[in-house]
Structures are given as structure tokens and as C-alpha cells.
Amino acid sequence: LNLVKSKVWNRTPQLIKNFTESYNIDLIHSFGFWTDLFSLNLKKPVLISVRNYPPQEYPQLYNKFIGNVLAFLHLKIIKKHKNIIVCSNSLKNIFHFKHKILTKVIQNGIDINLYDSKKNKNLFKKFPMIPKNKKVIVSISRLIKRKNIGLLIKVFKKYFYNSNYILLIVGSGPENKKLKELSFPSKNIFFLGNINNIQKVYQVADYFVSASYSEGLPNSVLEAMSSGITCILSDIPMHRELY
């Protein structure tokens with residue numbers, strides 16, 4: 001409500017319009033709810049990128065009521081755009097068959113030269129809390145409900161509590177505190193937070209795990225595959241597309 005009342009908020013669409021016209025912008029690339037909304041009435045050509053399915057994303061990112069309202073509105077906004085790019089064939093099919101929204105696909109990709117399929121145990125010195133003689137399972141994602149990391153922790157605690165395996169959880173997000181509490185009192189689950197050079201994590205990993213409910217086309221799985229790591233994935237269309 002404060003944003004709606006603010007003068008800057010009310011002026012934002014006009015400011016964007018003035019900027020694109022003043023600098024003679026040829027093409028506008030939009031990504032996300034608010035930019036998709038603000039770019040609706042611009043005279044310049046607009047290309048929007050959609051990297052998730054709002055009805056699956058928003059209710060788990062916010063509460064169900066707000067999430068469903070935002071998802072409904074975002075779908076309405078997306079429908080009004082002419083040039084829509086999605087990051088997977090799976091998303092294209094969902095938008096087409098569920099909402100009659102026509103999209104084009106540019107699949108997510110990675111620079112495969114950044115990832116090496118050879119394990120490097122010497123990198124364990126970069127992570128002094130991790131024993132060298134353990135098998136490493138890694139999960140890399142935002143710590144949000146949609147990623148279903150709580151299930152990974154519960155399963156790991158049940159079957160690998162006192163074992164030769166460790167679970168590395170890389171990333172941050174609103175579920176961070178809750179997931180750390182869920183992992184207690186296990187001593188072989190480690191939260192590494194955000195890491196700049198993520199290649200080093202793949203270099204020490206034996207397995208990559210994702211239990212996500214929904215994805216766009218997950219870069220972390222592409223990176224794990226490129227690093228030669230065995231991937232254990234939830235059975236969703238986006239993971240099947242990668243396979």
C-alpha cells in the first residue's frame with residue numbers, strides 16, 4: 001500500500017516511457033511481474049522472458065492467497081504481450097495447453113568450458129568443515145518452498161544420519177532458518193550459503209539432488225551434468241526435458 005501511495009511508484013510507468021523515447025531505445029527486454037506490467041503500454045517493441053510458471057511459483061513464494069492473486073494477474077499481463085520467450089519446452093506446453101498462450105523457446109544453457117567432470121579432492125581444503133573421506137551429496141538452489149529442500153533433509157536424516165555421506169546445501173533464501181532447524185541435530189548436513197565460485201562445489205561432489213516441485217529449466221542441474229555428477233531428480237517435466 002505504501003508503494004501504491006508513493007509518488008515515485010505512480011510515476012514509474014511514465015518515467016520508463018520517457019526514458020525509452022528520449023534515448024531512442026529500439027527493443028525492451030522485460031523479465032518479472034512488475035517490468036512485464038510497466039512495459040505493457042510502451043510504443044517500443046517489447047520482448048518478455050518467462051522462466052517459471054506463476055501458479056506454481058507465487059503460492060509457494062508468498063502465502064496461498066497473495067500468491068494465487070499475483071499468479072492470476074501475471075498470467076493476464078503475459079497474455080497481453082506479443083513476444084514471449086520461455087526457457088523450456090515444458091513451460092511452452094504448459095502455457096499453451098492450460099492458458100492458450102503462445103510462446104517461443106530459448107532453452108537455458110551454460111558455458112560447458114567452466115565445468116570439469118574430473119573430481120578434485122584437493123579442493124576439500126576450501127571447505128575445512130567437510131571430512132575428506134566422505135561421499136558428498138549436494139543441493140544448489142534458492143532456499144524456497146518450491147525447491148522442496150525440506151524433503152531432502154528429512155530423507156537424508158532418516159537414511160544417512162550416521163553414514164559415510166554428507167549433504168551440502170548451497171544457497172540462501174527465506175527458508176534458511178527453518179531448514180537449519182529441521183537439520184538439527186545432524187552433524188553431516190552443512191549449509192554453505194551463497195558461493196561465488198560454484199564450480200568448486202561441483203568438483204568435490206559425488207551426487208547432485210533436486211526435489212523441486214517445479215522449475216523453468218534448472219541451470220544448476222545443467223552445471224552438475226556438465227561436471228559429470230550423478231543427478232537424482234524429482235519427476236517433473238523440466239527434469240525430464242534435461243534428461
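Visitor: What is the strand order in the open sheet of five strands?
Guide: The order is β7-β6-β5-β8-β9, and the pairing is parallel. Keep in mind that this is a predicted model.

Visitor: Which strands sit at the edges?
Guide: The edge strands are β7, residues 189–193, and β9, residues 230–233. Each of them pairs on one side only.

Visitor: And how far are neighbouring strands turned against each other?
Guide: On average by 25°, with direction ignored.

Visitor: Zoom in on β5 and β6. How many bridges do they pair over?
Guide: Six bridges, in the parallel sense. β5 covers residues 135–140 and β6 covers residues 165–170.

Visitor: Which residue in β6 is the bridge partner of K135?
Guide: Y165 is the bridge partner of K135.

Visitor: What lies across β5, β8 and β9?
Guide: Helix α10 does, residues 219–226. The helix runs at about 150° to β9. β8 is residues 207–210.

Visitor: Switching to packing. Which residues touch the most other members in the largest nonpolar core?
Guide: F95, V138, I140, L168, Y202 and F208. That core has 38 residues.

Visitor: Take V138. What does it touch?
Guide: Leaving out residues up to four places away in sequence, V138 touches L168, V170, V201, A205, Y207, F208 and V209.

Visitor: What other core is there?
Guide: There is a second, separate core of twelve residues. Among them are L167, I169, I189 and A211.

Visitor: New topic: β2 and β3. In which sense do they pair?
Guide: β2, residues 46–50, and β3, residues 83–86, pair in the parallel sense over four bridges. I48 stands opposite I84 in β3.

Visitor: What about β3 and β4?
Guide: They also form a parallel pair, over two bridges. β4 is residues 104–105. V86 stands opposite V105 in β4.

Visitor: Which helix makes a β-α-β unit with β3 and β4?
Guide: Helix α6 does, and the unit is right-handed.

Visitor: Last one, α4. Which of its residues are buried?
Guide: P54, E57, Y58 and P59 are the buried residues of α4, which spans residues 54–61.

Visitor: And what covers them?
Guide: The cover includes α3 (33–38), α5 (64–80) and α6 (89–99).

Note on methods. Residues are numbered from 1 along each chain as its sequence is written. This is a predicted model: local features need pLDDT of at least 70, side-chain atom pairs count only at pLDDT 80 or more; totals for chains, interfaces and linings use all residues. Side-chain values use heavy atoms; hydrogens and water are left out. Buried means under 20% relative accessible area, exposed over 50%, partly exposed in between (1.4 Å probe, protein chains only). Contact means heavy atoms within 4.5 Å. A nonpolar core is a set of buried Ala, Val, Leu, Ile, Met, Phe, Trp, Tyr and Cys residues joined through side-chain atoms within 4.5 Å. Two strands pair if DSSP finds at least two bridges between them. Axes are lines fitted to C-alpha atoms, for helices over the stretch in contact, and angles run from 0 to 180 degrees between N-to-C directions. A crossover is right-handed if, with the strands pointing away from the viewer, the path from the first strand over the helix to the second runs clockwise.
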